[in-house]
Amino acid sequence: MKTEKLYYKNPLQTSCEAVVIEKHPQGLIFDKTIAYPEGGGQVGDVGFLTRTSDNFQIPFFNTTKIKGRNIFLEDFPSIKVENLIIHHIDESFLEKIEEGDIFILEINKKNRSQNTLHHSALHLALMALEDIKPGIDQRIVGAKITDKYGRLDFAIDYKFSPELLKTLEDTCNKYIEENIPVEIYSHPKEPEALYWKCKNYSVPCGGTHCESTGNIGVVKIKRKSIGKNSERLIVEVPENNNFLNYYK
C-alpha cells in the first residue's frame with residue numbers, strides 16, 4: 001500500500017479527490033495526494049480537506065511521509081520510495097472520519113509556490129558557490145526550505161565574505177535574467193530517485209521546483225554565523241505573484 005504522488009506528475013496542480021486508506025494517530029493517509037511531504041529540507045505542504053459527502057472541512061497543518069521501500073544506488077543518496085503520506089490534522093477530528101471517506105485535498109498554493117521558488121533559488125546559489133569553491137557541497141550539514149527562505153549550513157572554518165555574497169547574488173540574478181530551463185529527471189534504475197539540473201549542474205533532489213530560472217524573479221543572499229566552524233547561507237525570494245498564477 002502506498003500513496004500516489006500526484007505532485008510529481010503535475011507540480012502545479014493544487015487539488016485532487018482522494019480516498020482515506022488509513023487513519024493514523026497524527027492524521028489521514030490517502031490513496032493519492034497533491035500535497036508535498038516534508039523531505040530534503042523542504043517543509044511539508046499545508047491546506048484543507050473537504051469531505052465530498054457533507055462538505056465537512058478540516059485544515060491539515062503539515063504533510064510527512066512514513067514507511068516505504070529503501071533504495072541504495074551507487075551514485076545517489078539512500079532514500080525511501082513508495083511511501084505512505086500523512087496529512088496532519090487535529091486528533092479531535094479523527095473520530096469523525098472513516099476509512100473509505102472521499103475528500104477533496106487542496107493545498108495552500110501561495111505557500112507551495114514560495115517553497116518551490118526558495119528551493120530552486122537555493123540550488124541556483126549552490127551552483128554559483130561551487131563554481132567559486134569546488135567541492136563545498138561535501139561540507140553541507142543541514143538545509144531548510146520554507147516559504148520565507150532557503151538555507152544551507154556548512155561545516156567550514158571560514159566566513160562567507162561580503163564580496164563573496166555579492167558575487168553569488170549577482171550571479172544568481174544573472175542566471176534568473178537568462179531564464180535558463182530547469183530539468184527534473186529520474187535515475188535510470190528508480191523513477192522516484194530524482195535529479196535537479198540547470199545548465200551542466202545536476203544534483204539529487206526530490207523537492208518541488210519551477211521550470212526555469214526566470215520564474216524565480218529575484219534573490220537576496222545573506223550569511224549567518226552559527227558556530228566556530230559553521231556557516232549558514234540564506235537565500236530569500238520576494239513574493240512572486242507571476243509564478244503563483246501558474247498554479248491551477
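Helices (H or I, at least four residues) and strands (E, at least two) are DSSP runs, numbered from the N terminus. The model described here is predicted, so local features need pLDDT of at least 70 and side-chain atom pairs count only at pLDDT 80 or more, whereas totals for chains, interfaces and linings use all residues. Residues are numbered from 1 along each chain as its sequence is written, and side-chain values use heavy atoms, with hydrogens and water left out.

**Aromatic pairs**

- A search of the whole structure finds 11 aromatic pairs, where rings of Phe, Tyr and Trp (its six-membered ring) pair if their centres lie within 6.5 Å, and planes under 30 degrees apart count as stacked, over 60 as edge-to-face and the rest as tilted.
- One of these pairs joins Phe 30 and Phe 103 in an edge-to-face arrangement, with 5.9 Å from centre to centre and 75 degrees between the planes.
- Because Phe 30 belongs to strand S3 (residues 27-30) and Phe 103 to strand S11 (residues 102-107), this pair ties together parts that are 73 residues apart in sequence.
- Phe 30 and Phe 103 are both buried, a term that stands for under 20% relative accessible area, with exposed meaning over 50% and partly exposed in between (1.4 Å probe, protein chains only).
- Phe 76 and Tyr 195 also form an edge-to-face pair, at 5.2 Å centre to centre and with 85 degrees between the planes.
- This second pair links distant parts of the chain, since Phe 76 is in strand S9 (residues 76-81) and Tyr 195 in strand S15 (residues 190-198), 119 residues apart; Phe 76 and Tyr 195 are buried.
- Tyr 7, Tyr 8 and Tyr 36 form one aromatic cluster.

**Helices H2 and H3**

- The axes of helix H2 (residues 109-132) and helix H3 (residues 162-178) come within 9 Å and cross at roughly 125 degrees; axes are lines fitted to C-alpha atoms, for helices over the stretch in contact, and angles run from 0 to 180 degrees between N-to-C directions.
- H2 and H3 are therefore oblique to each other, given that angles under 35 degrees count as roughly parallel, over 145 as roughly antiparallel, 65 to 115 as roughly perpendicular and the rest as oblique.

**Residues in loops**

- Glu 82 is placed in the loop between S9 and strand S10 (84-88), where it has a positive phi of about 55 degrees although it is not a glycine, and at 30% relative accessibility it counts as partly exposed.
- Asn 55, in the loop between S5 and strand S6 (57-60), likewise has a positive phi, of about 60 degrees, although it is not a glycine, and Asn 55 is exposed, with a relative accessible area of 59%.
- Glu 38 lies in the loop between strand S4 (32-33) and strand S5 (47-51) and is partly exposed, with a relative accessible area of 44%.
- Not counting residues up to four places away in sequence, Glu 38 touches Val 43, Gly 44, Asn 62, Thr 63, Thr 64 and Lys 65.
- Tyr 149 is found in the loop between strand S12 (140-145) and strand S13 (150-154) and is partly exposed at a relative accessible area of 27%; leaving aside neighbours within four places in sequence, Tyr 149 is in contact with His 118, Lys 144, Ile 234, Val 235 and Glu 236.

**The start of the chain**

- Met 1 sits in the segment before strand S1 (4-5) and counts as exposed at 69% relative accessibility.
- Met 1 touches Ile 21, Glu 22 and Leu 84, not counting residues up to four places away in sequence.

Methods
Contact means heavy atoms within 4.5 Å.
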